[in-house]
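Visitor: I would like to learn how to read the features of a model like this one. Could you take me through them one at a time?

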Amino acid sequence: MYLSSRMITSVSPSTNSSFLLTGFSGMEQQYPWFSIPFSSIYAMVLLGNCMILHVIWTEPTLHQPMFYFLAMLALTDLCMGLSTVSTVLGILWGLIQEISLDSCIAQSYFIHGLSFMESSILLTMAFDRYIAICNPLRYSSILTNSRIIKIGLTIVGRSFFFITPPIIRLKLFHYCRFHILSHSFCLHQDLLRLACSDIRFNSYYALMLVICTLLLDAILILFSYILILKSVLAVASQEERHKLFHTCISHICAVLIFYIPIISLTMVHRFGKHLSPVAHVLIGNIYILFPPLMNPIIYSVKTQQIRARMLRLFSEKILREMKIYCFKKRKKSSHNNKQKSVPQKNY
């Protein structure tokens with residue numbers, strides 16, 4: 001009811017060639033206004049995560065396991081933003097309306113793979129906090145550089161290897177229904193909804209993958225914080241308890257802003273069929289953009305080392321700009337005085 005008949009008939013159900021991306025249906029006239037906040041959010045996502053990576057890369061004191069995992073998280077958020085920016089802003093700017101099947105499958109592969117990767121990184125960061133608080137004397141010996149590299153490779157393999165079989169099968173399906181997607185980007189469950197082939201393998205495999213990754217990761221994170229809380233409460237000093245718990249605040253916030261949107265999107269897909277398409281698109285965009293937007297802000301505000309390095313970086317830049325400005329002004333003034341001191345010849 002929200003899509004015009006021209007948009008529906010523009011994507012034929014008899015071909016697998018392309019799919020129609022759905023923006024905020026029925027609000028097409030407001031797209032130029034919507035593009036302003038969305039463009040600002042994407043700019044903040046790219047700038048914030050690049051800033052976190054730059055600070056960790058250039059500051060030797062931050063070359064520690066905790067910040068290596070934070071760099072992995074920032075890189076994942078950066079890739080998530082890059083994987084969806086072309087279609088989301090393309091729709092709002094009126095540049096694209098359709099996406100080919102191959103491009104849709106590739107985007108779906110990266111969105112879901114990066115989601116599993118972020119969940120794995122959050123679990124690894126919870127393990128890092130557990131070791132740092134419950135076994136601090138062995139922290140550096142357990143999380144060595146070689147072990148961190150192995151953990152990173154395992155996270156990438158776990159995230160993208162197991163999702164490959166159902167994504168490849170999307171290419172083999174026959175899509176006989178109208179090729180209208182529910183979001184401004186491609187999701188696995190959205191493509192399954194349009195397929196007329198046997199999708200039982202994909203449905204069951206995807207369910208088991210979610211249980212064995214997202215749900216299992218969430219349970220292990222919760223279990224690690226139960227152990228951390230038990231260890232913190234065993235500390236006699238109230239000040240020491242506060243200090244230990246403060247080191248976990250950033251990670252707890254990152255866990256909440258990742259799992260709440262993804263659970264909300266799952267609930268909407270399962271039980272929110274009566275909701276308007278605008279609600280589906282809004283929740284989908286929150287799931288895609290909210291964690292990459294908020295993680296750099298949280299870690300910049302709550303992590304003292306990151307905050308201090310960023311403040312120093314900005315102060316050094318401002319000081320450098322002021323020096324350049326004063327030098328140019330002094331040079332210009334000197335040049336003007338020199339011109340005034342040259343005697344004028346009378347002809």
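Visitor: Let us start with Ile 180: where is Ile 180 found?

Guide: Helices are DSSP runs of H or I with at least four residues, and strands are runs of E with at least two, numbered from the N terminus. Ile 180 sits in the loop between helix H7 (164-172) and H8. This is a predicted model, in which local features need pLDDT of at least 70 and side-chain atom pairs count only at pLDDT 80 or more, while totals for chains, interfaces and linings use all residues. Residues are numbered from 1 along each chain as its sequence is written, and side-chain values use heavy atoms, with hydrogens and water left out.

Visitor: Is Ile 180 buried or exposed?

Guide: Buried means under 20% relative accessible area, exposed means over 50%, and partly exposed lies in between, with a 1.4 Å probe and protein chains only. Ile 180 has a relative accessible area of 15%, so Ile 180 is buried. The C-alpha atoms of Ile 180 and Glu 98 are separated by 9.2 Å, although the two are 82 residues apart along the chain.

Visitor: How do I check the length of a helix, say H4?

Guide: The expected span is 1.5 Å times one less than the number of residues. Helix H4 (residues 101-134) has 34 residues, and its first and last C-alpha atoms are 49 Å apart, close to the 50 Å expected. Of those 34 residues, 24 are buried, so H4 is largely enclosed by the rest of the structure.

Visitor: What span should helix H6 have?

Guide: Helix H6 (residues 145-161) has 17 residues and should span 24 Å, which agrees with the 24 Å between its end C-alpha atoms. Its buried residues are Ile 148, Ile 151, Gly 152, Ile 155, Ser 159 and Phe 160. Seen down the axis of H6, they fall within an arc of 140°, so they line one face of the helix; the arc is that of the directions from the helix axis to the C-beta atoms. On the other side of H6, the exposed residues are Ile 149, Lys 150, Leu 153, Thr 154 and Phe 161.

Visitor: Now the aromatic rings: how many aromatic pairs are there?

Guide: A pair of aromatic rings is described by the distance of the centres and the angle of the planes. Rings of Phe, Tyr and Trp (its six-membered ring) pair if their centres lie within 6.5 Å; planes under 30 degrees apart count as stacked, over 60 as edge-to-face and the rest as tilted. By this rule there are nine aromatic pairs. One of them joins Phe 161 and Phe 162 edge-to-face, at 5.3 Å centre to centre and 80° between the planes. Phe 161 is exposed at 59% relative accessibility, and Phe 162 is partly exposed at 41%. Phe 258 and Tyr 259 also pair edge-to-face, at 4.9 Å and 85°. Phe 258 is buried, with a relative accessible area of 4%, and Tyr 259 is buried at 10%.

Visitor: How many salt bridges does the structure hold?

Guide: Side chains of opposite charge can pair when their charged atoms come close. A salt bridge here is a side-chain nitrogen of Lys or Arg within 4 Å of a carboxyl oxygen of Asp or Glu, and the structure holds five. Among them is Asp 128 with Arg 129, whose closest N and O atoms are 2.9 Å apart; both residues are buried. Another joins Arg 193 and Asp 190 at 3.2 Å, N to O. Arg 193 and Asp 190 are three residues apart in helix H8 (residues 188-194), which means they are separated by about one helical turn. Arg 193 is partly exposed at 42%, whereas Asp 190 is buried at 1%. Asp 198 forms a salt bridge with Arg 200, the closest N and O atoms being 3.0 Å apart.

Visitor: Last, where is Ser 224 placed?

Guide: Ser 224 is in helix H9 and is buried, at 9% relative accessibility. Its C-alpha atom is separated by 9.8 Å from that of Asp 128, 96 residues apart along the chain.
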